[in-house]
Amino acid sequence: MLPPAGSTNAAEVDALFNFINVISLILLVGISIAIVYFAIKYRRRSDNDVTPVITHNNTLEITWSVIPLILVMIVFGWGYKGYLNMATAPEDAYEVQVTARSWLWEFHYPNGNVSIDELHVPVNRPIKLVMNSSDVIHSFYVPDYRVKKDVLPNRYTSVWFEVPETGEATIFCTEYCGMDHSNMMGKVVVHSQEEFDTWLAESAQVDESIPPADRGRELVQRFGCTGCHSIEDNSVIQGPSFVGIMGRDRELEDGTTVTTDENYIRESILDPQSQIAAGFPGGLMQSYAGILNDQQINDIIEYLKTLD
Ligand code: CUA
């Protein structure tokens, strides 16, 4: 019934969940049977049947108050202990900064590396996420890890988890955040420590053996640009198509016309609202300043030049 228990905390969460479920089931069945049994036993048999006057029954009243109280206190104590444990990350946790934006997840690692929609972590090590939203409220949810926390603008929230085995798990956004909320998904990739170190080092450097345009194509996919900009044809997904975007005259929303050169592309990536193409609503794209570095922007421009 439950997703696989993928984190060290999952077993405890499931145990409490199952306890509440089983207790509820026992009470549901017991009360249902009692209702039917008493309804039949004390049914009206003749017109002279009169219900006796009962003012109270101490034994019964104490019993039906104390038993639920004990059950509720068990659930409270157990839940509180689990909550404290999940709210307090171990001191030696590996910290990753998370920025949620409509509609993607950005992960910033201690060495300055950034990944989009893919959180890479080492196995068997507590991972602490410090999360913040750059627009509306989102919510970080990994069912396999039993981890869920709202991600808010102007305030940090955090979660932590530890994964005992390498593998992958799906990240969902579980707070309705607009048009593409249901597509705001990602994955956690759990590596061995060695593999993780290699990933961190490699993804931070530029692979000179790959032509810039090919690196650019990979970036455009990885950073989710193609979710809004077509690279296939002239169709409009959300924003203008990338096909034939370079070296044209483009009319902007304010009536001016610009040439779509390198500077235009760079400006559009770093400050998208400064030059909205005529006929488009604007406001959908956010700045990639601090996410894409100069090298990456150059690579993307080289790639766009190949899309004629
Ligand atoms: Cu972000 Cu729903």
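In helix α4, the residues Ala213, Arg215, Gly216, Leu219 and Val220 are buried, meaning under 20% relative accessible area, with exposed over 50% and partly exposed in between (1.4 Å probe, protein chains only). They lie on the same side of α4, because they cover an arc of only 155° around the axis; the arc is that of the directions from the helix axis to the C-beta atoms. Helices here are DSSP runs (H or I, at least four residues), as are strands (E, at least two), numbered from the N terminus. This is a predicted model, in which local features need pLDDT of at least 70 and side-chain atom pairs count only at pLDDT 80 or more, while totals for chains, interfaces and linings use all residues. Residues are numbered from 1 along each chain as its sequence is written, and side-chain values use heavy atoms, leaving out hydrogens and water.

What do these buried residues meet? The buried residues of α4 pack against α6, where contact means heavy atoms within 4.5 Å. Helix α4 (residues 212–222) and helix α6 (residues 294–305) pack at an angle of about 100°, with their axes 7 Å apart; axes are lines fitted to C-alpha atoms, for helices over the stretch in contact, and angles run from 0 to 180 degrees between N-to-C directions. Just after α4, Gly224 takes a positive phi of about 75°.

Turning to the strands, β9 (residues 167–173) and β10 (residues 186–191) pair in the antiparallel sense over five bridges; pairing requires that DSSP finds at least two bridges between two strands. Glu168 stands opposite Val189 in β10.
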